[in-house]
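Notebook open. Today I'm looking up aromatic rings and how they pair.

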Amino acid sequence: MAVERLAGKLIISRKIQSGLYRKQIWHPFFMLAPAILVMLLVLVFPMLYSLYISLTDFTLTSAADVNFIGLANYWALFQDPIFWQAFGRTILFVALAVNIEFLLGLAIAHMMAKVGFGHNFLRTVMMMPMMFAPILVGFQFKWFFNDQVGLINNLLWTLTGQAHIIPWLVDRSLGFIAILVAEIWMSTPFMVIILEAGLLSLPQEPFEAAEVDGASEWQKFRYLTLPMLRPFVYTAMAIRSLDIARAYDVVSIMTGGGPGHRTELIWTYVNQLAFTGQKFALGSAMSYITVALSVLFTCWFFYHVIHSRWSGEER
C-alpha cells in the first residue's frame, strides 16, 4: 500500500511539473507578444501593403480608382532607361565608396592601433564626422562644391591666381565625384572603428613568432593581419554596402539626382517617382526590386563572413 501511495504521489507530482513546464514554455511568447505586435503593425503590414500597391496602378491623383495590373509596373521599370542608369550608378557608387572607405579606414586604424598616448582623443576626433546628420553633411558639401562661392573653387583661385568656375554639381562626372567625397568623409570613421576593434583583438602570439622568424612588416600584414581580420572586414563592408545603397539624404541635398538625372541613384529615383511624380505603384515596385537585391547581397556577404570564420577556426 505504501508503494502504491508513493507511486501515485510521483505520478501527480510529474503531472503538476509537466503542467508548470508547459506554462513556462509559453511565458517568453507572452512577454514578446507586444513587441511582435508592434513589428507586425509598423513593418510587416506596410511591406505587404506596399507589395499590393506595386501590383496596381495606384497614384495620388486616382487613389479611389485602383486596378490590379499584376507585374506591369515591374515590366515598365525594366524598360525604363533611367532606372537602369540609376541602378548602374548606384552599384558603381557603392563599389567605389566601400572600397575607398575600406582602404582609408584600414590605413587609419592601423596607425591608430599603434598610438599609445592620446589614443582616446584621436578616436573621439575620428568619430566627429559620424555625429553630423546626413542632411547637414549634404548642405556642407553643397557649399564646398558650389561653382560661385564654394570653398573648392575659391581655394583653386587662391592657389593658382586664376578664377576657376568648375561646375562640380552640374557636370555628370564631377557631380558623382562630389557626392562620393561627401559620403566617404561622413562614413570612413565607421570603418575605422570596426577595423581598429578587430586589430586590437588579434592575438599577439603569431606576430611574435613571425618576428622571431624574421618576417617583414609587409609579410606580417599580408599573411597574418589580413587573414585574421577578414571577419571584421566582411562585416564592416556588408553594413556599409547596405547603408550606402540606401543613400538618399546627401544626394538629395547636393544634387537632387539631377540635373537631368545625371547623378540619379536608386532611392532618389524612387522619391522622384513616388512623391514628385505621384506614381506610388512604380515607386513601390522599384523599392521591392532594391530590397530583393539587398537581401541577396546580404546573404552572399554573410556566407563569406561565416566561411571566413570557419576557415579561421580550422587554421
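First, the ground rules. I'm working on a predicted model, where local features need pLDDT of at least 70, side-chain atom pairs count only at pLDDT 80 or more, and totals for chains, interfaces and linings use all residues. Residues are numbered from 1 along each chain as its sequence is written, and side-chain values use heavy atoms, with hydrogens and water left out.

Entry one: Phe87. I looked up its relative accessibility and got 22%, so Phe87 counts as partly exposed (buried is under 20% relative accessible area, exposed is over 50%, partly exposed is in between; 1.4 Å probe, protein chains only). Phe83 comes out at 2%, so I noted it as buried. Phe83 and Phe87 both sit in helix H3 (residues 81-113), four residues apart, which means about one helical turn separates them. Helices here are DSSP runs (H or I, at least four residues), numbered from the N terminus.

Entry two: Phe132 and Trp185. I found them as a tilted aromatic pair, with 6.1 Å centre to centre and 40° between the planes. Rings of Phe, Tyr and Trp (its six-membered ring) pair if their centres lie within 6.5 Å; planes under 30 degrees apart are stacked, over 60 edge-to-face, the rest tilted. Phe132 lies in the loop between helix H5 (128-131) and helix H6 (134-144), and Trp185 in helix H8 (residues 172-200), so their pair ties together parts 53 residues apart in sequence. I got a relative accessible area of 37% for Phe132, so it is partly exposed. Trp185 is partly exposed too, at 32%.

I noted one aromatic cluster formed by Phe132, Phe141, Trp143, Phe144, Phe145, Trp168 and Trp185.

Technical notes:
Helix = DSSP H or I, 4+ residues; strand = E, 2+ residues; numbered from the N terminus.
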